[in-house]
Amino acid sequence: MQIFKKGIILAGGLGTRLYPATKVISKQLLPVYDKPMIYYSMANLIRLGIKMINIISDPVNILKYKKLLGDGKEFKIKISYTTQFKPNGIAQSIILSKKFIKNDNCILLLGDNIFFGGNFDTQLFKAAGQKVSSIFVKNVLKPNKYGVLKFINKEKYKIIEKPKKKISNYAVTGLYFYTKEVSKFVKKIKLSKRGELEITDLNNLFLENSLMKVRFLDKNCSWFDAGTYSDMLLASNKVFNLTNKKRKTLSDLHYLSKKIK
């Protein structure tokens with residue numbers, strides 16, 4: 001029995017770090033080497049056997065996603081679309097996808113997050129095969145730009161959003177596996193000081209109730225939060241180098257699914 005049947009890709013946001021390009025197009029439609037950025041997120045869901053994907057974007061760009069991806073028949077899946085009229089935090093995507101999720105488990109993936117290599121495949125399929133919510137964390141040089149994992153004890157964690165002081169080197173990436181409790185928990189979180197429904201608050205509810213597994217990506221796993229020109233360039237160069245190697249491995253090139261062309 002497939003535990004996670006539905007996937008959500010958040011492809012909204014203002015993309016201010018990629019101005020002026022994002023004044024006319026969603027950042028997740030910009031190319032990373034030879035494919036639109038969103039293709040990498042889609043390929044990860046498709047290879048997990050996800051047949052139903054909901055894409056969330058703003059009123060202007062959602063029409064472009066529909067033109068690019070259609071109803072999903074080309075990829076042998078079903079794609080639905082949800083309009084986000086105002087970006088109010090990542091956790092808002094769960095509320096917007098209420099009718100899509102219903103009472104099922106789901107995977108939420110940020111459309112500008114790209115993963116490959118190292119133990120990513122192992123951790124990805126472990127998460128998909130266990131009936132538990134999961135987050136993926138990575139040891140990075142500048143974790144304070146993200147939600148940071150705080151170690152309370154061996155099996156207890158908390159996430160601190162963009163802390164001013166050093167908590168740890170482990171940043172929480174933009175890939176989340178949620179069991180059906182997510183629909184109940186998201187109703188409990190309130191707007192933060194910056195007026196958003198924070199994904200950190202939602203994840204902390206799962207952690208407090210011991211309903212979430214923390215999965216550690218190793219140093220050989222590449223993670224790109226491709227929201228800046230420099231990160232997009234690094235990601236494009238990495239993909240270019242991998243695709244032009246004579247020896248291609250599934251772990252390095254999993255996102256280059258034949259279904260995504």
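The questions below concern helix packing, a strand pair and one tyrosine in a predicted model.

Q: Why is H1 called oblique to H2?
A: Helix H1 (residues 38–47) and helix H2 (residues 61–69) pack at an angle of about 60 degrees, and their axes lie 13 Å apart. Angles under 35 degrees count as roughly parallel, over 145 as roughly antiparallel and 65 to 115 as roughly perpendicular, and the rest are oblique. H1 is therefore oblique to H2. The crossing of H1 past H2 is right-handed.

Q: What makes the contact of H1 with H2 nonpolar, polar or charged by class?
A: H1 contributes Ile38, Tyr39 and Met42, while H2 contributes Tyr65, Leu68 and Leu69. Ile, Tyr, Met and Leu count as nonpolar. By class, the contact has six nonpolar residues, no polar and no charged ones.

Q: How do you know that strands E9 and E10 pair?
A: Pairing needs at least two bridges between the strands. E9 (residues 147–153) and E10 (residues 156–161) have six bridges, in the antiparallel sense. Leu149 stands opposite Ile159 of E10. With two residues between them, E9 and E10 form a hairpin.

Q: Why does Tyr170 count as partly exposed?
A: Buried means under 20% relative accessible area and exposed means over 50%, with partly exposed in between. Tyr170 has 22% relative accessibility, so Tyr170 counts as partly exposed. Tyr170 belongs to strand E11 (residues 170–178).

Q: Which residues does Tyr170 touch, not counting residues up to four places away in sequence?
A: Tyr170 touches Val137, Lys138, Asn139, Pro143, Gly147, Val148, Leu149, Phe151 and Phe216.

Note on methods: Residues are numbered from 1 along each chain as its sequence is written. This is a predicted model: local features need pLDDT of at least 70, side-chain atom pairs count only at pLDDT 80 or more; totals for chains, interfaces and linings use all residues. Side-chain values use heavy atoms; hydrogens and water are left out. Axes are lines fitted to C-alpha atoms, for helices over the stretch in contact, and angles run from 0 to 180 degrees between N-to-C directions. Helices (H or I, at least four residues) and strands (E, at least two) are DSSP runs, numbered from the N terminus. A crossing is left-handed if the near helix is turned anticlockwise from the far one by less than a right angle, and right-handed if clockwise. Contact means heavy atoms within 4.5 Å. Buried means under 20% relative accessible area, exposed over 50%, partly exposed in between (1.4 Å probe, protein chains only).
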